[in-house]
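Visitor: I have a structure to look at. Can you walk me through the terms as we go?
Guide: Gladly. Here it is.

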Amino acid sequence: MSRVEGSVFITEPEAPARCEDCGKLAELRPYGPGGTRICFECGEKDPEGTERRYRAWCRERGVTHAVNALPGHPEEGEVRVFDPGGETS
Ligand SMILES: [Zn+2]
């Protein structure tokens with residue numbers, strides 16, 4: 001279960017649920033249009049929008065660092081640092 005600890009957002013595996021876009025049973029993230037919970041494939045339909053909503057989600061929660069803790073994910077173990085303007089480095 002993904003969680004925010006202080007200013008660190010830890011992305012972890014989620015239990016599968018119905019994607020609010022395509023209806024598929026999959027792992028969802030809350031970065032769809034209007035905050036809908038969507039699957040990875042639906043997020044990839046609009047990668048820039050998904051990225052923008054992901055950053056906004058983190059910014060709203062005061063997140064300064066995001067850690068990918070998804071086993072087997074291509075970015076597993078990577079840490080993203082958000083600057084005050086909301087961009088990443
Ligand atoms: Zn979907």
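Visitor: Where is the place of Pro13?
Guide: Pro13 sits in the loop between strand E2 (8-11) and strand E3 (17-18). Residues are numbered from 1 along each chain as its sequence is written. This is a predicted model: local features need pLDDT of at least 70, side-chain atom pairs count only at pLDDT 80 or more, and totals for chains, interfaces and linings use all residues.

Visitor: What makes a run a strand or a helix?
Guide: Both are DSSP runs, numbered from the N terminus: helices are H or I with at least four residues, strands are E with at least two. The protein has two helices and six strands. Their pattern along the sequence is β-β-β-β-α-α-β-β.

Visitor: Why is Pro13 called partly exposed?
Guide: Count other C-beta atoms, placed from the backbone, within 10 Å of a residue's own: 20 or more is buried, 12 or fewer is exposed, in between is partly exposed. Pro13 has 13, so it is partly exposed. Across the protein, 15% of the 89 residues count as buried.

Visitor: Which residues does Pro13 touch, not counting those up to four places away in sequence?
Guide: Glu27 and Leu70. Contact means that the C-beta atoms, placed from the backbone, lie within 7 Å.

Notes: Two residues are in contact if their C-beta atoms, placed from the backbone, lie within 7 Å.
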